[in-house]
Amino acid sequence: MDQNSLQCTLVRGGTSKGVAVTRDELPDENMDAALLSLFGSPDERQIDGLGGGTSTTSKLMIIEESDRDGIDIDYEFGQVSVHDSTIDYGGNCGNMTTVVGPFATNENMVDVPDNGEATVTLYNKNTETRIDQSFDIVDGCAATVGDHKIHGVPGTGARVETTFYNPAGTAERGLFPFDEPVTTLDVDGVPVEMSVLDVTTPVVFVQASSLGVTGTELPEDIDTDPEFLNRIEQIRATVCAELDIVDSPEDATVESPGFPKVAFVAPPTDYEATTGYVSESEIDITARIMSMQYLHPVYAVTGASCTAAATLLEGTIPNQMADVPDGERVILGHPKGKMVVKANVNNDKVESVTVSRTQRPLMEGRAFYTLETNGQ
C-alpha cells in the first residue's frame with residue numbers, strides 16, 4: 001500500500017470532535033505533516049481527511065501513560081487548522097480533555113474498577129497543569145449512556161467531571177499577565193480597554209458594547225462580518241505579541257492562531273439561542289468567544305473556566321458585566337444556551353475550576369495518511 005496508517009479513535013468530547021491517539025502510534029519524523037494529512041488540512045472542507053471542516057471538529061489529543069509522581073496519564077492537545085498547514089500546541093482544550101480519561105480507560109492504560117466510579121489524574125503538557133477526572137465505569141469501559149445534558153449536543157450522556165487545579169498562569173505570566181484587572185492597549189491606533197486573564201488558557205475579555213455588538217450574536221451574525229472579524233483578530237494579535245507568544249502582531253494568525261482567545265461579554269440578557277430562548281434570570285453573564293478567527297458555536301471549556309474565574313475576580317470586565325453569583329457556581333449564556341462552571345477563587349487566587357461534560361467514542365481503527373501530498 002502506498003499510504004501509511006495509525007491506530008486512533010474518532011471521538012466527541014463535550015461540544016468538540018476530533019482524533020485521540022496514543023503517542024507511540026505517531027511517526028518519529030514529519031509528525032505534523034502526517035497529522036495534517038490525516039485531518040485533510042489545509043482545505044476548507046477537509047474533504048480528504050478526518051477533520052470536520054470547522055475549528056471545533058478539527059482537534060487532536062495525543063495520550064500516553066505518565067511516569068510523573070501522582071499522575072496516571074499525560075496528554076497534549078493540538079488545534080489542527082482547517083485553512084492552513086498549522087497545528088497549534090499553544091494551549092489546552094477543555095471540551096476535548098473530557099475524552100482523555102475515558103480513552104485511557106478503554107485502551108487499558110489505567111487501572112479502574114469493573115463497575116462504579118473511577119478517578120483518573122491527568123497532566124496536560126501544553127499548560128503543565130494537573131487535572132482530576134471522574135466518570136462512571138460499566139463492564140470495564142468508560143460509560144457513555146446517561147442523563148447528563150449539555151447545550152450544543154443532542155440528547156444526553158454520561159457525566160464526566162473535570163477539575164483543573166491551580167489553573168492560573170499557563171503562559172508563565174501569572175493570573176493577570178499585565179499585572180492588573182483592566183488594561184488599555186493601542187490596537188492599530190485605537191485604544192482598547194480589556195481584561196487579560198490566564199486561567200487554563202489566556203483569554204482577552206472585551207466589553208461587547210465597545211465593539212459595537214450586544215454579546216447575544218450567533219455565529220451567522222459574526223462569521224459573515226469581515227470587518228468585525230478583522231477587528232477582533234487585530235485585538236487578539238496585539239495581545240499575542242504583547243505576551244511574547246509571537247514576535248509581532250502580523251505573525252499571530254499563522255504562528256499562534258488558537259491562543260490567546262478573545263471573548264466579548266455583556267450583562268445577563270434575554271436572547272434567542274440556537275436551541276431555544278435564554279432568559280437573563282437564568283444566567284450570570286452573557287458571553288461569546290472566538291475560535292480560530294470565527295465565533296465558537298458554543299463556548300470553549302478552557303475559555304469558560306477563565307470566564308467564570310474572571311467573573312468572580314473584582315475589577316475585571318467580566319466582573320463588571322456580570323450579575324456576580326454568591327458562591328462558586330457561574331452560569332454563562334452562550335450561542336447554544338447555558339454552561340455551568342464552578343470556580344474556586346480565594347483571595348484573588350484561583351485554586352480550581354470544575355466543568356461537567358459528556359463524551360463518546362465514535363469510531364476506532366486504522367486511519368490513513370500520506371506524506372507525499374499532505375492530504376491534498
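Predicted model: local features only at pLDDT ≥ 70, side-chain atom pairs only at ≥ 80, totals over all residues.
Which element gives the most to the lining of the largest pocket? Helix H5 does, with three residues. Residues are numbered from 1 along each chain as its sequence is written, and side-chain values use heavy atoms, with hydrogens and water left out.

Back to the pockets. A pocket here is an open set of points on a 1 Å grid over the protein atoms alone, where a 1.4 Å probe fits, with protein on both sides within 12 Å along at least five of seven lines; lining residues have an atom within 4 Å of a point. Grid points are joined across faces, edges and corners, and the volume is the space filled by probe spheres set on them. On that basis the largest pocket holds about 430 Å³. Its lining runs to 21 residues, with His-83, Ser-291, Met-292, Gln-293 and Tyr-294 closest to the centre. Two or more lining residues come from each of helix H5 (226–242) and strand E17 (294–295); helices (H or I, at least four residues) and strands (E, at least two) are DSSP runs, numbered from the N terminus. By class the lining has eight nonpolar, ten polar and three charged residues, where Ala, Val, Leu, Ile, Met, Phe, Trp, Tyr, Cys and Pro count as nonpolar, Asp, Glu, Lys and Arg as charged, and the others, Gly among them, as polar.

The second largest pocket comes in at about 340 Å³. Of its 17 lining residues, His-148, Arg-159, Met-339, Val-340 and Ser-356 sit nearest the centre. Strands E18 (329–334), E19 (337–346) and E20 (349–357) each supply at least two lining residues, and E19 has the largest share, at five. This lining splits into six nonpolar, four polar and seven charged residues.

Strand E13 (residues 261–266) is largely enclosed by the rest of the structure, because six of its six residues are buried (under 20% relative accessible area, with a 1.4 Å probe and protein chains only). Lys-261, Ala-263 and Val-265 point one way, while Val-262, Phe-264 and Ala-266 point the other. In a regular strand, side chains alternate between the two faces of the sheet. E13 runs parallel to strand E12 (residues 202–207), joined by five bridges, with Val-203 opposite Lys-261. Strand E16 (residues 285–291) pairs with E13 in the antiparallel sense over four bridges, and there Ala-287 is the bridge partner of Val-265. Pairing calls for at least two DSSP bridges between two strands.

As for packing, a nonpolar core is a set of buried Ala, Val, Leu, Ile, Met, Phe, Trp, Tyr and Cys residues joined through side-chain atoms within 4.5 Å. The largest has 57 residues, and Met-61, Ile-63, Ile-73, Val-100, Leu-197, Phe-205 and Tyr-299 touch the most other members. Helix H7 (residues 301–312) gives the most to this core, with seven residues. A second, separate core of 23 residues includes Phe-178, Leu-185, Met-194 and Leu-243. Beyond its neighbours within four places in sequence, Tyr-299 has contacts (heavy atoms within 4.5 Å) that include Ala-263, Ala-287 and Met-339.

Helix H5 also holds Ala-237, which counts as buried because its relative accessibility is 6%. Sequence neighbours within four places aside, Ala-237 is in contact with Pro-249 and Ala-252.

Methods:
Buried < 20%, exposed > 50% of the residue type's maximum accessible area, 1.4 Å probe, protein only.
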